Amino acid sequence: MGITLKNVSYTYQAGTPFEGRALFDINLEIKDGSYTAFIGHTGSGKSTIMQLLNGLNVPTEGSVTIDDKVITATSKNKDIKSIRQKVGLVFQFPESQLFEETVLKDVAFGPQNFGISEENAEKLAREKLAMVGIKEEFFDKNPFELSGGQMRRVAIAGILAMEPQVLVLDEPTAGLDPKGRKELMTLFKDLHQSGMTLVLVTHLMDDVADYADFVYVLEAGKLVLSGKPKDVFQDVDFLESKQLGVPKITKFADRLVKRGLSLQSLPITIDEFKEAIKRG
């Protein structure tokens with residue numbers, strides 16, 4: 001299921017003295033089955049775009065097309081609800097959305113809200129909790145008795161239980177330790193390889209290099225660069241001028257090139273660097 005933004009602009013609190021323009025004439029496409037990353041500073045518009053992708057917000061101008069559904073400024077909530085099942089949005093701190101008295105009930109809530117029977121919703125909840133690494137012994141616990149990392153996993157299981165076709169991840173590993181971060185990123189990689197479309201907002205350029213197949217760069221609500229990570233990260237000076245940086249190995253290789261090392265292109269992963277050195 002592909003998503004297209006056409007001439008999309010978004011203004012918060014439009015028509016009030018407090019209005020603020022967050023997006024300016026954005027045109028982009030998220031292809032079916034892709035793993036697309038968005039990078040940019042805080043305030044660049046990344047989270048605003050994420051909320052447009054599942055109809056949480058509607059564009060002030062332009063249109064968002066999800067599958068065959070077109071969302072515009074005049075779209076009504078009742079017309080958008082089905083989109084929120086197809087496009088699952090994982091917020092930066094999704095554990096803040098937990099509210100049920102048990103882990104199992106919390107994860108089963110979403111499917112039931114979309115008409116799934118209690119029995120089938122519970123079955124889905126058990127399956128997705130196991131998928132994210134939550135053991136059955138925690139199913140009847142209050143979510144708020146869990147560790148921060150466990151709460152994050154429960155919240156993600158709640159999104160997965162709605163069986164979305166697209167998973168939108170807004171800084172999904174923020175605040176996690178390296179082990180927990182790696183485990184979640186591996187889970188998302190597995191979901192992508194199973195056929196799910198993934199959209200990732202991150203400030204970690206190594207994650208973009210390791211997982212994404214396309215990247216959009218935002219600045220002050222405008223799209224300033226896009227392409228395959230391998231191509232985008234060649235422009236080290238431009239990205240650093242935007243204070244975004246590049247993968248660690250790319251930065252290292254760029255320093256070597258400036259000192260005289262000959263490379264056909266800058267590597268963006270360790271494996272690429274090893275291959276480049278062998279060829280050289």
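K242 is partly exposed, with a relative accessible area of 23% (buried means under 20%, exposed over 50% and partly exposed in between, for a 1.4 Å probe and protein chains only). The side chain of K242 meets that of E219 in a salt bridge, 3.0 Å from N to O; a salt bridge here is a side-chain nitrogen of Lys or Arg within 4 Å of a carboxyl oxygen of Asp or Glu. This pair links distant parts of the chain, with K242 in the loop between α9 (236–241) and α10 (248–258) and E219 in strand β9 (residues 214–219), 23 residues apart. Helices (H or I, at least four residues) and strands (E, at least two) are DSSP runs, numbered from the N terminus. E219 is likewise partly exposed, at 32% relative accessibility.

The model is predicted, with pLDDT of at least 70 needed for local features and 80 or more for side-chain atom pairs, while totals for chains, interfaces and linings use all residues. Residues are numbered from 1 along each chain as its sequence is written, and side-chain values use heavy atoms, leaving out hydrogens and water.

By the salt-bridge rule, the count comes to 16. One of them joins E272 and K230, whose closest N and O atoms are 2.9 Å apart. Here helix α11 (residues 270–279), which holds E272, is linked to helix α8 (residues 229–232), which holds K230, across 42 residues. E272 has a relative accessible area of 27% and is partly exposed; K230, at 25%, is partly exposed too. K86 and D67 form another salt bridge, at 3.7 Å between the closest N and O atoms.

Turning to the rings, a search of the whole structure finds six aromatic pairs. Rings of Phe, Tyr and Trp (its six-membered ring) pair if their centres lie within 6.5 Å, and planes under 30 degrees apart count as stacked, over 60 as edge-to-face and the rest as tilted. Y10 and Y12 form an edge-to-face pair, 4.7 Å centre to centre with 80° between the planes. Y10 counts as buried at 10% relative accessibility, whereas Y12 counts as partly exposed at 32%. The rings of F99 and F109 have centres 5.0 Å apart and planes at 85°, so this pair is edge-to-face. F99 lies in the loop between β6 (87–90) and α3 (103–113) and F109 in helix α3, so the pair ties together parts 10 residues apart in sequence. Finally, F38, F214 and Y216 form one aromatic cluster.
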